Every structure is written in structure tokens, then in C-alpha cells.
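Here is a briefing on one protein model.

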Amino acid sequence: MRGVLVLLALVQAACAQRTGPDVPRPFIASNDEVLHWNQPADRAGCPDRPGYLWVRPAEGPACIRYFASDDIDGARMAIVQFSGDRDGVMDQAPERIPGNTEPLRTFDAQRSRDRAGVPWIFMARPGTYGSSGDHRKRRQLVEFHALDAALDALMQRHRLQRIVIVGHSGGATAGAALLTLGRTRVACAVLTSGAYGLLERARMLGRSRDGRTDTTGSAQFYDPLDHVGGIARDPARRIVLIGSRDDRNTPFALQERFSDAVAKAGHRIELRTHAGEPPDYHDLKDSIALRTAAQCAREAMLQQAGNT
């Protein structure tokens, strides 16, 4: 089975590198197996079993999908990953989106767990990879409240003691937002190339409408930089921001501003730089997010063991 999944992943990765009508569709057995995007919440389609979380945040019910490695139940520590923005593929046919099946997403979580040595969970942001919601409304409270409620439900269902949050780009912004909503039992948050200062970022990139909207065109965004006061006190928790000074998508100066604000609020935070992939220098090299999250998780478990 693992050999088949590896083959599927390689085929989808190859197709993802090219576009155009001459590109064959990624190999998926049937449309019933693909994950659907930008769909309303449907209780009938959100069974009470692993992989699905039916939650009721303030904005209304949501079905959040997650894909986990095989050893998360009762884990002292697990890493929860949020992906970056997927607006570039969300309007494609589901069978053309790379990695857009439950087996492939689960395989990816297991592969990350094998590399990190820590149980791994990929949680799909609203509107993506089978989670209900509208990905066009990313970086709004409707997204962050749904993820916050889903984390509560996830930790209860699988009896997780503590988690490490890891997110890249929009996933880092989501992780930061969850901290500002007061999330606890977070041993570490590893946030790479995150977007903060959302209004200023949109202006700097020339993508703000009349200087009043973020890059999605919305004025209803939730900016973690404006809500640092909501971060729960936890001297044992680490927050690690990593970015490239040459980032052309999420300006490093705004990442520095967020780091400074969190530090001034009295929280433990580290700001690091790392080489980015050209030409945008936004995606970071060397799997630095995974490596840092794994190290942080292991150190937290050793510290926890030493305190018992």
C-alpha cells in the first residue's frame, strides 16, 4: 500500500510542475476519492470518525478535515501542521489538485512523522482539502474560529496532552491567530514566512483596494499583530518565527514587527532568518519548518519528563 501511495505522490508532484491542456490529470481512481473545496458544511457528510471534526464556532457549524499519522492516540506531544494559502489551485477541478485525496494526505502526514520522530497531523484550513468553508475568506475570524474549535475537538478525541503548531505563510498567520485567541497547551509554535501587518503588507505589494483591504480584497481580515494581547501566558512555550529577509511575498520587516510586539508583551519568542527559494524567496530551504518543529517537540518532551 505504501508503495502505491509513493507512486501516486510522485505522479501528482510531477503534474503539479506543469500547466496547460496537454497535462494529464493526476492519477486518482474516481471522483468519489477526491477531496472537495469551498463547500458548505454538511453534517451528513461529516461522520463521527477520525479524519472529520464537526464543530460549532460562533460563525456557524464547520466540518474540518485532518489527516494523521498512525500513532496519535494518547500522545504526550503531536505536531499539527497548517498549509499555506492554496488560492492558486482552489478553482481547479478537484482531481487536478496535487495531493488532493485522503490516502495521499495521510501518507504525507505519516512521512512527516517518520522524519520528525513525533506524531504528525495535517489539519486542512477551511475551504481546502475537504474542510468546509470558503478559502476566499482566509485570514478572517470565520477561518480562525473554526480551526480553534477543531483543535479543541482533535485534542479531546485523541487525548493529546500538548501540541506543536507549525505553519507556513498563511498557515503561519493561522497559527499566530490561534495563539492570540488564547490557545493553551501549545509547547511550541513554529511559524515560517508568516503574513502580519496585513493592511500594510497589501499596500507594500500594491494589492490593496484604496488602501483599506488586505490582499484578498477584504476589509474583514483578522491581523494577529493587532491582537497580541490575547496570547496566553506560558513561560514554557516557545514561539519561533523564521523567514527570509529577501521574501517578496510576506515582507520580513512585518515579521520582525510581529516578533517585537510579542516580545514586548512578555512572551518567549525567537526570530530567525533562513535562505529562501528563488525567485520569491518565500518558501524556505532545507525543510527548516519540519526540522525546527521536531526539535522543539523533542525538547519539550524532555523538559516535561524532567519535571515529573
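Phe 144 counts as buried, because its relative accessibility is 0%; buried means under 20% relative accessible area, exposed over 50% and partly exposed in between (1.4 Å probe, protein chains only). The model is predicted: local features need pLDDT of at least 70, side-chain atom pairs count only at pLDDT 80 or more, and totals for chains, interfaces and linings use all residues. Residues are numbered from 1 along each chain as its sequence is written, and side-chain values use heavy atoms, with hydrogens and water left out.

**Aromatic pairs**

- The structure holds five aromatic pairs. Rings of Phe, Tyr and Trp (its six-membered ring) pair if their centres lie within 6.5 Å; planes under 30 degrees apart count as stacked, over 60 as edge-to-face and the rest as tilted.
- Phe 144 and Tyr 222 form an edge-to-face pair, because their ring centres are 5.8 Å apart and their planes stand at 70°.
- Phe 144 lies in helix α3 and Tyr 222 in the loop between α5 (198–204) and β7, so the pair ties together parts 78 residues apart in sequence. Helices (H or I, at least four residues) and strands (E, at least two) are DSSP runs, numbered from the N terminus.
- Tyr 222 also counts as buried, at 7% relative accessibility.
- One aromatic cluster is formed by Trp 37, Phe 67, Phe 122 and Tyr 129.

**Charges over rings**

- The charged end of Arg 105 sits over the ring of Phe 122, 4.3 Å from its centre. The criterion is NZ of Lys or CZ of Arg within 6 Å of the ring centre and within 35 degrees of the ring normal.
- Arg 65 lies over the face of Tyr 52, at 3.8 Å from the ring centre.
- Tyr 52 also stands opposite Arg 65 in β2.

**Sheet**

- Eight strands make an open sheet with mixed pairing, in the order β1-β2-β4-β3-β5-β6-β7-β8. Two strands pair if DSSP finds at least two bridges between them.
- β1 (52–55) and β8 (269–273) are the edge strands, each pairing on one side only.
- Neighbouring strands of this sheet are turned by 20° against each other on average, direction ignored. Axes are lines fitted to C-alpha atoms, for helices over the stretch in contact, and angles run from 0 to 180 degrees between N-to-C directions.
- β1 and β2 (residues 62–68) run antiparallel and are joined by four bridges.

**Helices**

- Helix α6 (residues 252–264) packs on the sheet, touching β7 (238–243) and β8. The direction of α6 makes about 160° with that of β8. Contact means heavy atoms within 4.5 Å.
- In helix α4 (residues 170–180), eleven of eleven residues are buried. They pack against β3, α3 (141–158), β5, β6, β7 and α6.
- Just after α4, Gly 182 takes a positive phi of about 95°.
- Ser 112 lies in helix α2 (residues 102–116). Ser 112 is buried, with a relative accessible area of 9%. Leaving aside neighbours within four places in sequence, Ser 112 is in contact with Trp 120 and Leu 290.

**Whole protein**

- The secondary structure comes to seven helices and eight strands.
- Of the 308 residues, 52% count as buried.
- Among contacts between residues at least 6 apart in sequence, 75% join residues at least 24 apart.
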